[in-house]
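Please keep the view open while reading the points.

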Amino acid sequence: MPQLVDTLIHARWIIPVIPEQKVYENCSLAIAQGCIIALLPSTEAKARFKAGQEISLDQHALIPGLINTHNHAPMTLLRGYADDCPLKERLEQHIWPAEQRWVGPEFVADGSRHAIAEMLRSGTTTFSDQYFFPEAVAIAARESGIRAHIAFPVLDAPTPWSRHSEEALHKGLALRDDYRAHERIEVVFAPHAPYTVGDQTLEKIAVCSAEAQVPVQIHLHETYHEVETALEISGERPTERLLRLGLMGPQTLCVHMVATNERDIELLGTSGAHVAHCPSSNLKLASGFCPTTEMLDAGINVSLGTDGAASNNSQDLFSEANTAALLAKAVSGRATALPAHQALAMATINGARALGIEDITGSLEVGKSADITAINLGDLEQQPMHDPISQLIYTGGGHNVSDVWVAGRQLLKQRQLQTLNETEVIQRAKLWRDRIAGHSH
């Protein structure tokens, strides 16, 4: 008697990420109650299981859903706004004034839905977000079905969401309580950066994080100016300061890490902290190059993030993996640096480790959540097919994503969003464009 399952997916290739570099051909995934219960040859799967839904993808590769470990999703509504400006001018004269005027729950909700729609259509099933009004981001994530880490922003100065760090912590911890039992959404700490948050607040977050085992995400060593200024003021590099304050450890995700030296890499390695690499944003803002090869060689877990669409313009994590791989080769001077399988791992299992959810997602293993992305590799641009992993990274995958599942629920079906209204998302984006441009009130 065949075993009943919810879904059977048959695919030309399955790339589980764990085991590393493994590619299964003509195999299937069996899914029940949102989890993967078997990965086996398709002929065996058809004999062993009877499924409520059976899907054949004979030109496709199945991979773990991509994990975007750093984003400012609502800033999708500022895509293309103040491009090609120096960072200081861009922030002070354009982005910050626009945020001060427009950012509120409605802006954040519309921008989050847009970003989530874009992420799903390019294969991302989990994202970590850091922005004002995180309550609205959490609602958008909850309603869409995507998996999310909502990193609530803490700054000592006033923001559109909080008057000071005390209020931010109070609101953020209340939001964490609201989602404490949610299966897909976790709320975590996000002190913005060492230059916007003082020692007292950082120490408080360090204590709370350690006691409750709550992850922390922080912008760190984002520019050389940041590090130079810190040295002038205190004589300490930002990594050393965080270590002193108890905020550099396995719970910490350090975003950007561009301006680094050997001591910084040593501290990352010994502390067990993770790095979110955002290569496109760093390149566009001329911030510099994160030394990913040296970090990976030192055993540091490096994941990938798109950053916000205002500083990247795209939410496509396949594109980010491609940029990361090429940049690592150029910076190191070694064509062997950051090979395709390692770039794919950065976008999947490394991201899960960075967010502390590697037991749930990040690879296609029995017992893990059925967070799955299907990519059509049958088109002209993907031929001939010598190595599907290489093809995913070097010929681009985002626009070839056909189907996406999170916890066994299909959120993208043959390029069509299943939980979000694409037409409505686009209309809201156009409305905000007109408001910001001053054409409507």
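**Notes on selected helices**

1. Begin at the start of helix H12. There, a side-chain oxygen of aspartate 316 comes to within 2.9 Å of the backbone nitrogen of phenylalanine 318. Bear in mind that this is a predicted model.

2. Next, the length of H12. The helix covers residues 317–332, which is 16 residues. At 1.5 Å a residue it should span 22 Å, and its end C-alpha atoms are 22 Å apart, so the two values agree.

3. Which residues of H12 are buried? They are Leu317, Phe318, Glu320, Ala321, Thr323, Ala324, Ala325, Leu327, Ala328 and Lys329. As background, an α-helix has 3.6 residues a turn, so residues three or four places apart point the same way.

4. Alanine 330 also belongs to H12. Is alanine 330 buried or exposed? Its relative accessibility is 61%, over the 50% cut-off, so alanine 330 counts as exposed.

5. After H12 comes glycine 333. The phi of glycine 333 is positive, near 75°.

6. Now turn to a helix pair. Helix H5 spans residues 165–178, and helix H6 spans residues 199–212. Their axes come within 11 Å and cross at roughly 15°. That angle is why H5 counts as roughly parallel to H6. The crossing of H5 past H6 is right-handed.

7. Which residues meet between H5 and H6? From H5 come Ser165, Glu166, Leu169 and Arg176. In H6 they meet Thr201, Lys204, Ile205 and Ala212.

Note on methods: Residues are numbered from 1 along each chain as its sequence is written. This is a predicted model: local features need pLDDT of at least 70, side-chain atom pairs count only at pLDDT 80 or more; totals for chains, interfaces and linings use all residues. Side-chain values use heavy atoms; hydrogens and water are left out. Helices (H or I, at least four residues) and strands (E, at least two) are DSSP runs, numbered from the N terminus. The expected span of a helix is 1.5 Å times one less than its number of residues. Buried means under 20% relative accessible area, exposed over 50%, partly exposed in between (1.4 Å probe, protein chains only). A polar contact is a pair of N or O atoms within 3.5 Å; within protein, one must be able to donate a hydrogen and the other to accept it, and residues adjacent in sequence count only if both atoms are side-chain atoms. Axes are lines fitted to C-alpha atoms, for helices over the stretch in contact, and angles run from 0 to 180 degrees between N-to-C directions. Angles under 35 degrees count as roughly parallel, over 145 as roughly antiparallel, 65 to 115 as roughly perpendicular and the rest as oblique. A crossing is left-handed if the near helix is turned anticlockwise from the far one by less than a right angle, and right-handed if clockwise. Contact means heavy atoms within 4.5 Å.
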